[in-house]
Amino acid sequence: MYRYDQYDQQIVKERVAQYRDQVRRRLSNELTEEEFLPLRLQNGLYMQVHAYMLRIAVPYGLLSSEQIRMLSHIARKYDRGYGHFTTRQNIQFNWIKLEDTPDILADLASVEMHANQTSGNCIRNITSDEYAGVAADEEIDPRPYAEILRHWTTFHPEFGYLPRKFKIAITGAKEDRAAIQIHDVGLAVIKNDQGEIGFRVLVGGGLGRTPIIGPVICEFLPWQHMMTYIEAIMRVYNQYGRRDNKFKARIKILVKALGVEEFTRQVEAEWQDIKDGSGTLTTEEFDRVSTYFTEPDYEKLTPNSADLDSFKAENLAFANWMRRNVKPHRVPGYAIVVLSLKKTEIAPGDVSAEQMDVVADLADRFSFGELRITHKQNLVLADVKQSDLITLWKIAAANGMASPNIGLLTDVITCPGAEFCTLANVRSIPLAQKIAERFDNLDFQHDIGEIEINISGCMNACGHNPVGNIGITGVEKKNHDEWYQVAVGGSKGNHSSIGKIIGPSFTFNQVPGVIDRLLQVYLRERIEAERFIDTVRRIGVQPFKEHVYASEIEAEPEEVNNKIEFKPAQYSVPFYSPRF
Amino acid sequence: MIIKNKAIVEDEWVVLRLAEDEQPEAVAIAAGKVIVPLKVWFAQRDELQDRADLGVWIASDERPEVLKDDIDKFNIIAVDFPKFSDGRGYSIAYNLRARLGYTGELRAIGDVLRDQLFYMQRVGFDAFAPRADRSIQDALKGLFDFSEVYQISVDQKLPLFRRVKRTENVATK
């Protein structure tokens with residue numbers, strides 16, 4: 001993976017010093033909260049319901065074992081012993097004190113990490129394919145481009161105060177696992193007919209209140225022009241994106257208002273001036289960065305599955321895990337392993353400090369010391385020898401990370417929800433847990449097969465609800481009740497689609513029953529091995545809608561303990577969430 | 001006082017802001033060094049164009065290109081930041097410098113605060129009028145937050161990768 005040189009190190013160090021002084025000025029009231037807000041956000045610090053939340057950048061989801069040990073240290077020293085992996089391949093800590101944050105950033109800098117631009121109205125951390133470099137269907141490794149873009153976007157002086165946040169995703173595989181169609185800018189690294197490398201550029205996709213699939217504005221942009229072309233996009237957006245209404249400020253609204261053709265024309269016109277200028281990427285720089293993403297020392301292995309097969313035959317749990325959590329690797333004898341962070345009773349994406357240590361050890365022992373975070377909030381060991389799978393599985397299972405549910409019903413994506421987030425209308429995590437409990441039966445999950453349930457506590461769609469096969473959105477509270485809207489038919493990947501809302505919303509305790517009914521329709525209507533999403537596409541939303549609303553929906557029994565009580569920890573913190 | 005060329009200096013200019021009931025074509029321009037709104041410049045161009053001691057300021061929702069033919073007439077142009085979080089001024093500055101070739105003083109006015117100065121100087125501002133209720137000595141420090149930058153802008157014509165030899169050696173901690 002990429003390693004900092006003296007320049008990267010120096011820039012991150014100076015950032016820590018700058019931020020440390022900003023915190024000092026905030027604590028001494030030289031800075032008002034309003035002035036401090038974008039500064040702390042651009043260092044990843046949110047003010048949430050109970051405490052500050054710090055979101056740390058994990059560029060394109062790639063971590064070393066040394067880095068994850070540092071995250072474990074941060075969880076223990078500054079938080080409550082756990083962290084939370086996000087849908088943008090980052091990690092966030094939920095119980096942070098403002099006074100500690102400069103030290104946390106200094107700790108991060110010591111292992112070549114930072115929290116730069118993980119929030120705020122700027123270009124955010126760039127996300128990519130979690131299987132980059134190892135996927136069997138990969139055409140070009142997107143990671144060097146993502147890293148080069150990380151440099152270009154870091155503290156870009158002109159684009160630090162955009163109308164709204166700006167997210168870039170990049171993929172280089174046949175199957176798009178980076179969801180480039182729902183990003184402000186989506187890049188697909190491709191080869192043209194002459195074998196030259198370039199990008200297909202999409203602009204103006206996004207979720208939130210107005211989910212839009214991003215249109216293509218350039219079919220083939222030669223790789224050298226990556227930064228100048230994006231600069232042109234950014235400049236058009238910075239000047240003309242709406243600033244009068246937060247909900248209409250994303251670039252997708254501008255693209256829609258101008259029309260794709262006119263937007264593209266403006267970008268091209270803007271680009272003419274800077275095209276081929278000094279901002280153009282050089283072969284030398286690309287090669288320098290690429291050397292960090294060369295193949296690890298793979299052994300020449302002759303795949304021999306005899307041991308695995310016999311172990312599978314005697315151990316159903318392992319067989320299920322092999323089926324769902326182990327993916328094909330392009331090198332013979334190796335496998336990609338997904339460690340599930342979706343265990344019943346645990347908040348999706350949560351990892352304890354102890355688990356982080358275990359994962360770091362697993363990475364060192366079985367996967368060249370590296371680890372990836374997926375947008376579905378799971379972890380990936382990308383280079384595991386097939387002959388190590390049994391040992392690895394045993395350790396993962398003993399530490400609660402081997403639920404054989406990747407891509408299944410209980411592999412739910414959720415946002416943190418109202419328990420943590422000041423924007424959310426409803427709780428998300430307890431609902432995910434409710435769903436996990438209701439559909440805990442593995443045979444049933446495997447029978448249902450591939451399906452994605454996504455939950456967001458509000459319209460902002462951090463939990464990717466518009467593109468969930470079943471998407472659940474928390475809507476405004478009526479008398480402090482929680483109401484959930486259910487949509488069907490969303491998906492991401494090469495054929496992204498936005499789900500359709502099936503009708504009036506439901507209470508917390510009705511949602512599992514609603515999902516059950518949706519699944520009944522699927523089981524009734526599916527043809528052979530058809531996935532849930534394929535059935536929806538074939539028969540439409542109507543049969544689902546009819547069945548769900550055909551009769552009263554039984555609510556799950558009310559349980560007191562589904563309302564998690566948090567101990568407010570930080571009464572003494574001077575700058576504290578207004579909602580608390 | 002303002003910050004100019006990284007030093008605190010006396011400010012000789014007055015920024016004219018129109019009151020709500022004042023019209024661009026009717027407002028009286030006092031003698032001396034005045035920076036007038038862009039609207040006023042265009043409304044009174046005939047009378048104003050021979051004044052040597054005149055500057056113009058651009059609001060964040062105005063376009064710098066409208067000054068294309070007038071750019072040589074000014075030794076001082078200001079860009080207004082109505083809120084420090086309104087980032088349009090950065091692109092206005094970039095366009096003035098990079099597109100229109102403006103070389104005179106480019107001043108940031110309005111809600112100008114220490115923590116934005118570093119980015120502002122990178123996109124071509126060389127003068128800053130920090131908000132009056134803040135320490136100007138403190139604001140000056142904002143220009144020195146970073147000693148190295150990755151990307152090109154007005155201040156830096158070459159990206160880091162063209163400027164220095166970036167080796168594959170891992171950084172020493």
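**Note on the A–B interface and the fold of chain A**

1. In this predicted model, 36 residues of chain B are in contact with 37 residues of chain A. Contact here means C-beta atoms, placed from the backbone, within 7 Å. Three helices of chain B, H3 (88–99), H4 (114–122) and H6 (160–163), each supply at least two residues of the side that touches chain A. H3(B) gives the most, with five residues. Helices are DSSP runs of H or I with at least four residues, strands are E runs of at least two, and both are numbered from the N terminus.

2. The side of chain B that touches chain A has 16 nonpolar, eight polar and 12 charged residues. Nonpolar covers Ala, Val, Leu, Ile, Met, Phe, Trp, Tyr, Cys and Pro; charged covers Asp, Glu, Lys and Arg; the others, Gly among them, are polar.

3. Chain A holds 18 helices and 21 strands. Of its 580 residues, 56% are buried, meaning 20 or more other C-beta atoms, placed from the backbone, within 10 Å of the residue's own. Residues 24 or more positions apart make up 68% of the chain A contacts with a separation of 6 or more.

4. The C-alpha atoms of chain A fill a box of roughly 65 × 60 × 50 Å along the principal axes.

5. Confidence: ipTM is 0.96 and pTM 0.93. Chain B averages a pLDDT of 94, and 97% of its residues score at least 70. pLDDT is the predictor's confidence in each residue, from 0 to 100.

6. Local features need pLDDT of at least 70 and side-chain atom pairs 80 or more, while totals for chains, interfaces and linings use all residues. Residues are numbered from 1 along each chain as its sequence is written, and chains are lettered from A and ligands numbered from 1 in the order written.

Methods
Two residues are in contact if their C-beta atoms, placed from the backbone, lie within 7 Å. A residue is buried if 20 or more other C-beta atoms lie within 10 Å of its own, exposed if 12 or fewer, and partly exposed in between; C-beta atoms are placed from the backbone.
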